[in-house]
Amino acid sequence: MDLIIVGVDGSETALAAARTAATLAHTTGARLHVISATPRDTVDYEDGQHHVQVDVATEAEQIAQEAATALREITPDITSGAVKGRPADALVSEAERLGADLIVVGNRRVQSAVARVLGSIATAVAHHAPCDVYIAHTGR
């Protein structure tokens, strides 16, 4: 195994899945690539008086970097980055682009009856991944 990919969004459950990915990377000698997905580069907010444009791509990059820094105590060979797209799509496209051997996802974020078993992101990744998928138990 050469490369494992995991996604983070700043939540504790995502970090729990990332810790599992880091442990797997350490155990197998694989590199770990941590990503944070963003639907677009910027988001516009208006409150009637002010217009503010927020750089969400930079925020996503920071989330991925912070997670990677925290995970270096488990395994040292980590890269990180922001990927444009919805979380499941971003994980699958990054796995395809980099030739990943494994995608690690958490089992939280249940949003529909179909997704109750694994979680919506895990379900989508499992259906479309170009490689193996490891579903980490990230909470109750």
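**View 1. Exposed and buried faces of helix α2.** E66 and T69 are exposed on the other side of α2 from the buried set V56, A57, A60, A64, A67, A68 and L71. Buried means under 20% relative accessible area, exposed over 50%, and partly exposed in between (1.4 Å probe, protein chains only). The model is predicted: local features need pLDDT of at least 70, side-chain atom pairs count only at pLDDT 80 or more, and totals for chains, interfaces and linings use all residues. Residues are numbered from 1 along each chain as its sequence is written, and side-chain values use heavy atoms, without hydrogens and water.

**View 2. Length of helix α2.** Helix α2 covers residues 56-71. Its 16 residues should span 22 Å at 1.5 Å a residue, and the end C-alpha atoms are 23 Å apart, which agrees. The expected span is 1.5 Å times one less than the number of residues. Helices are DSSP runs (H or I, at least four residues), numbered from the N terminus.

**View 3. The E94–R97 salt bridge.** The side chains of E94 and R97 meet at 2.8 Å, N to O. A salt bridge puts a side-chain nitrogen of Lys or Arg within 4 Å of a carboxyl oxygen of Asp or Glu. Both residues lie in helix α3 (residues 87-98), 3 residues apart, about one turn. E94 is buried at 7%; R97 is exposed at 59%.

**View 4. The E12–R19 salt bridge.** The closest N and O atoms of E12 and R19 are 3.4 Å apart. E12 is exposed at 54% relative accessibility.

Methods: Helix = DSSP H or I, 4+ residues; strand = E, 2+ residues; numbered from the N terminus.
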